[in-house]
Amino acid sequence: DFESFSFAAGGSIGWTLPNHPQWRFEGGWDHIMKSDFNASPLFEGELQLYDATGLPTYTLNTPSGAIDSTVQTDIISAMAFYDFFDGIQKPIRTVIPYIGFGIGYADTTTVLNLTDLYGDLSGDENIKDFGTPDENSVYNVYDFYQSKYSNSNVAGLLAAGFSYGLTETMFVDFGARMTYIPRVKWVLSSEDGSRHRDWISAKDLIYINMMLGLRFEF
């Protein structure tokens, strides 16, 4: 499970239907700034031990690994909004509620620093290409390379809020926007970045942004 708070900023450009001014369409960009995801231990579970004949002896509850990581996301979206007002001219000095929906492209960058605090990962032959042995460790614990990975996803968006007309062309806008991203991965990378191995992932990621902005209509 991944939960965190961060700041966001964005901008958009759009078009209001001339004969149906309640409808407006926007192409936008939102930047979700870096947030941290840290865990120590990363995993904790039961390890079955066996004797020399292959028979199980006892089960050991053991922790495994620790991570220090970040995640940030850029979202490019196409959205439709409906403003709730009567007539063909948006009223000024009036609160105008709106709703919106759309689809987008989400590019999420994850940075992973993996630490083998408990010494259990360094014996895995499958991940030795993603680090080097610590020269100061008598147990040959590996120092893993910092790994950076770009995730591409199709995102779904919903929005709701209200605007307040200062003039006929300038509106203060306050709204909430929910973005759904199917999956984001953190990976291990080789030193030159040519090889990757999936390590952990966050599924069904949901961003909820509270945004205060200024909108101009010409």
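Let's start with contact, which here means heavy atoms within 4.5 Å. Among contacts in this protein between residues at least 6 apart in sequence, 67% join residues at least 24 apart. The model is predicted, so to speak of local features takes pLDDT of at least 70, side-chain atom pairs count only at pLDDT 80 or more, and totals for chains, interfaces and linings use all residues. Residues are numbered from 1 along each chain as its sequence is written, and side-chain values use heavy atoms, with hydrogens and water left out.

On to the fold. You'll find 0 helices and 11 strands, where helices (H or I, at least four residues) and strands (E, at least two) are DSSP runs numbered from the N terminus. The radius of gyration, taken over C-alpha atoms, is 25 Å, well over the 17 Å that the globule rule gives for 218 residues, so the protein is more spread out than a compact globule. That rule is 2.2 Å times the number of residues to the power 0.38. The C-alpha trace spans about 85 × 35 × 25 Å along its principal axes.

Now for the inside. Buried residues (under 20% relative accessible area, 1.4 Å probe, protein chains only) make up 38% of the 218. A nonpolar core is a set of buried Ala, Val, Leu, Ile, Met, Phe, Trp, Tyr and Cys residues joined through side-chain atoms within 4.5 Å. The largest one has 31 residues, and Ile67, Trp186 and Trp199 touch the most other members. Strands supplying at least two residues each include E2 (23–39), E5 (66–83) and E11 (196–216). Beyond its neighbours within four places in sequence, Ile67 contacts residues including Phe37, Leu112 and Ile200.

Technical notes: Buried < 20%, exposed > 50% of the residue type's maximum accessible area, 1.4 Å probe, protein only.
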